[in-house]
Structures are given as structure tokens and as C-alpha cells.
Amino acid sequence: MKNFWRILAGIAILILLWQLAALGLNRSILIPAPSETLLILFHNFTTPDMLLAAGQTLWKVLLALALAILLGLPLGLLLGLSDAAYNLLRPLVMVVQAVPVISWLSLVIFTWGIGWRGPVFISFLSLFPVAVLTTVAGVHDLDKDLLEMAKLYQVPWKKVVREIHLGSLLPFIAAILDVSIGQAWKVTLVSEYLCGGDGLGEAILTARMNVDIPSVWALTLGAVLLGLLSEALIKFVLRRFRHAWKHS
Amino acid sequence: METLLKTTNLCKSFDELEVLRDINLAIAPGERVALLGPSGAGKTTLLKILAGLETPTSGTVENHAQRNAFVFQEPRLIPWRSVKNNLLFVNPAGDYKEALRSVEMADFADYPPADLSGGMRQRVNLARALITQPDLLILDEAFHSLDLGIKMRLMESLNQHWQENPFGLLCVTHDPKEALYLADRIVLLSARPASILAEIEGRPDQQWEITSPDFLTRESELIQLLSGKTQLD
């Protein structure tokens, strides 16, 4: 409860500083006042158009995240278990990780034009190396002594995978989701802004082109809130899953 | 003689380091053997080879045991599973309550290993071996982290288990008391590279009290033998 009030106080201080900066500058084209922004935010997110845009961004985020996990996890397992595969494919993963989002842009636009595929692909590429390398770290973290014990007691391999491998990897999978969800929002918004046909990123672009800076702020705030909400939701689901698994 | 476990001219080297030299060892079903030797002699390596976790450089191992159980030096419990589930992991059909009772841990079935002391974890390690009802139980310095009181009670408990249902026991130790109390036969190992120096008689068939004059006499004889023939650290 104490923490809750502290967080609330932190948010209040943030809004106060924002208000002071807006008052001091007195130019809403640079920093609109929080009251103005919140009003627009409330107005925007009660219109069907904005809700649709938020939904369009959300499904891209979820799709990119799902792809990164579904492809990154098996590849991470392979790279973790086989030194040969690790040495062979690590440069590729490192390059994908190092290439800036902007560099994929021309490739994406020439391949698919403006549309949903670009943001999903770019988001996926930014999440994929994290998923792979974190899974590799998880596999390397496996306690060899536990595997030796299981071998000695002739425990069936399916049970060993479920109890020892999965148990050891779960915290790493949780870490991937934890780190990725925030990243997925940011990258998806930027790519929607640059090459997406719809979504909140595209809405921010339109607001900017209309020099409607308070709307840019309101949309950004909306995206931040949605990002935090989805992060909290994923954490909640993960906690429940780990609890259920622990008592299975 | 029917054998449960037999090694023939077993040798093991790690690169230049020779660890085991010509180990010839045989254990009959239901026989209890102690390997007594100085720390760092290569006893754990020998056990790992016997359990099939290491391969020998030369020589052979025949292990006819259907169910091997191994009490490692360190507990090796699954950290995210309760004590009970750690036991059921190796034998889902086993009587975990009975196994925990015999190591005086019956009240801790639902505890995670992290909430137990080192000695308690080691007792769970022993219970996990007992729940499999092994034909061959291998103990690698299993009692060395325990205080004397619990150590004595656990050795008694192990002895009782054996009386009810004799299994092959191979215990590695550097403690003469442990060897004398647990084993019918004691195999003395030299310092590295470990080779067999001598085989001597262990516990007699009758009641064997650790505080009896007979036991103490045998223990001091054994200590003298060890200090003369091998270097104890």
C-alpha cells in the first residue's frame, strides 16, 4: 500500500514538472499543458477511429512478439545445445541485432510497400536476437549436476525436459517477454510512423503533418499507457503460469 | 560367486594426470563395502565410472544392478521443486513419507530445498536414494556435512533398511568410523593414483555399537594402519 502511494506521488510530481515546463515555455506547439493533453487523450480514445488504430498497433505488437518467441526459442535451444550451431549462427544473430531499424526500412518498403508487414517484420527483427541469445544463456545455465543425477536414476527424458530443462528455462523465457514487450511497442510505433499504413504510429505521423502537437503528445501518452498495461498483463499471466507449473 | 558389481584392471587418467591404477573390485548382492582413502585420491572418479557417468581409460566395469542409487557429495536437489517432488522425481510410485521419515525429515515434505540447511538437504539426498529401493546404493562422502548426532542416527537407519532388505552398498569415505560401522568389508585405497592397498574385515555380524570397546579398538587399529600406509590430510 505504501508503494502504491509512492508511485502515485511520483506520477503527481511528473505531471507537476510537465505543467511547470508548459507554463514556463507557454508555447503549446512545443510542450502542451498536461490538462490539454489529457483532454485530447480522453477525446481521442473514445472515438472509434483511435480505438481501431490502437487495436491495429496492438495486434502487430503481439504478432511480432509471438513470432520472435516461437522462432527464437527453438533456435536458442539449438544454439545452446550445439556448440557447432552456435559458432555457425552467432555472427548472423549478432548482425541482425546490430543493424539499426532504419536500415531495414528500404528493404521493407521495396518488398511490401506501406502496410502492416513492414512494422511486424522490423519489430520481429528487433526482438528475435534477444529471444535467441537469452534462450542460449538459459540453456548454458542448465545445472549439469542435475542432468547427471537424472541420468543416474534413469528418469525418462520427457520428464527430465519438463522438470529440469523447462524449470531452468522458465525464468529466462519470462525475462524475454519482460524485456520484449516494451521494445515491441516502441519499434512497432516507429515503423508504423515510417512505413505502416495504419495504427497509432501512423496517427502520430498524421498529427505531426497537421502540426497538431498536442495530439502528438496525447497519442504518445496513450501508446505509453497501452504499453505499460500490456506489460502488466503479460507479467500477471506469467506469474499465474509459473505458479500453476510449480504446483503441477 | 555371483557379483553385483565388478571392475577389472580399471585405470583412469585425465590427460597426464593418472587418477586410478588397476582397480579390481567386486561386490556381491547384499554386500556392504567401504572404500577408505585420503581426500583427493580419486574416489569420486571411481564412483562416477562405476555409475556409468565417466568412462575408464582402460579396464572394464560390469554393473548388474537393476536400480542404482547415488548419494552425491552435494545434494543435487531440483531447486524449484519441493522436497516431496524431488523424491517423486526419481520414483513417482515411491513412498516418500516413509523415505523422509527414515532420514528424520517427515515434517519437511512441502519445503523448497532453499529453505533447508545444508545438512537437511543432504538427508533429502539420502531419502531420494532410499525411495528407489536400490539393488546398489553408492554413497559418496554422504554423511560428511552432518553433525555427529544425526550422522549416527542416519547410519543406524541405513543399517535397518539394509537388514530389512539387503542391498549392495558401496560407500566412499575418509572417516574410519563410518567405514567400520557401515561396511562388511573395507578396501583401503592409496593416495593418487588410487590403487587398492589392502582389504580388511569391517563390521561383524552381531550387534555393533559404535561406543563399544571392540569398535573403538578396531577403529584405532584402522587409524594406525591408515597413518602408516597412506598419507591422510
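This report describes a sheet in chain B and helical segments in chain A of a predicted model.

Local features need pLDDT of at least 70 and side-chain atom pairs count only at pLDDT 80 or more, while totals for chains, interfaces and linings use all residues. Residues are numbered from 1 along each chain as its sequence is written, and chains are lettered from A and ligands numbered from 1 in the order in which they are written.

**Chain B sheet**

Chain B holds an open sheet of six strands in the order β5-β6-β7-β3-β8-β9, with mixed pairing. Strands (E, at least two residues) and helices (H or I, at least four residues) are DSSP runs, numbered from the N terminus; two strands pair if DSSP finds at least two bridges between them. At the edges are β5 (68-71) and β9 (196-201) of chain B, each of which pairs on one side only. From one strand to the next the twist averages 15°, with angles running from 0 to 180 degrees between N-to-C directions of axes fitted to C-alpha atoms, for helices over the stretch in contact.

Strand β7 (residues 168-173) of chain B is joined to strand β3 (residues 32-36) of chain B by five bridges, and the two run parallel. Strand β6 (residues 136-140) of chain B also pairs with β7(B) in the parallel sense, over five bridges. Residue partners in β7(B) are listed below.

| Residue | Partner in β7(B) |
|---|---|
| B:Val33 | B:Leu170 |
| B:Leu139 | B:Cys171 |

Six of the six residues of β7(B) are buried (20 or more other C-beta atoms within 10 Å of the residue's own, with C-beta atoms placed from the backbone).

β6(B), helix α5 (residues 148-164) of chain B and β7(B) form a right-handed β-α-β unit; right-handed here means that, with the strands pointing away from the viewer, the path from the first strand over the helix to the second runs clockwise.

**Chain A helices**

An unreviewed UniProt entry annotates residues 61-80, 92-114, 120-139, 160-181 and 216-238 of chain A as "transmembrane region"; such annotations may be inferred rather than shown by experiment. Residues 61-80 of chain A are 100% helix, with end C-alpha atoms 27 Å apart. Residues 160-181 of chain A are also 100% helix, with end C-alpha atoms 30 Å apart.

The axes of helix α6 (residues 117-140) and helix α8 (residues 157-195) of chain A come within 8 Å and cross at roughly 160°. This makes α6(A) roughly antiparallel to α8(A) (angles over 145 degrees).

Key: A residue is buried if 20 or more other C-beta atoms lie within 10 Å of its own, exposed if 12 or fewer, and partly exposed in between; C-beta atoms are placed from the backbone. Angles under 35 degrees count as roughly parallel, over 145 as roughly antiparallel, 65 to 115 as roughly perpendicular and the rest as oblique.
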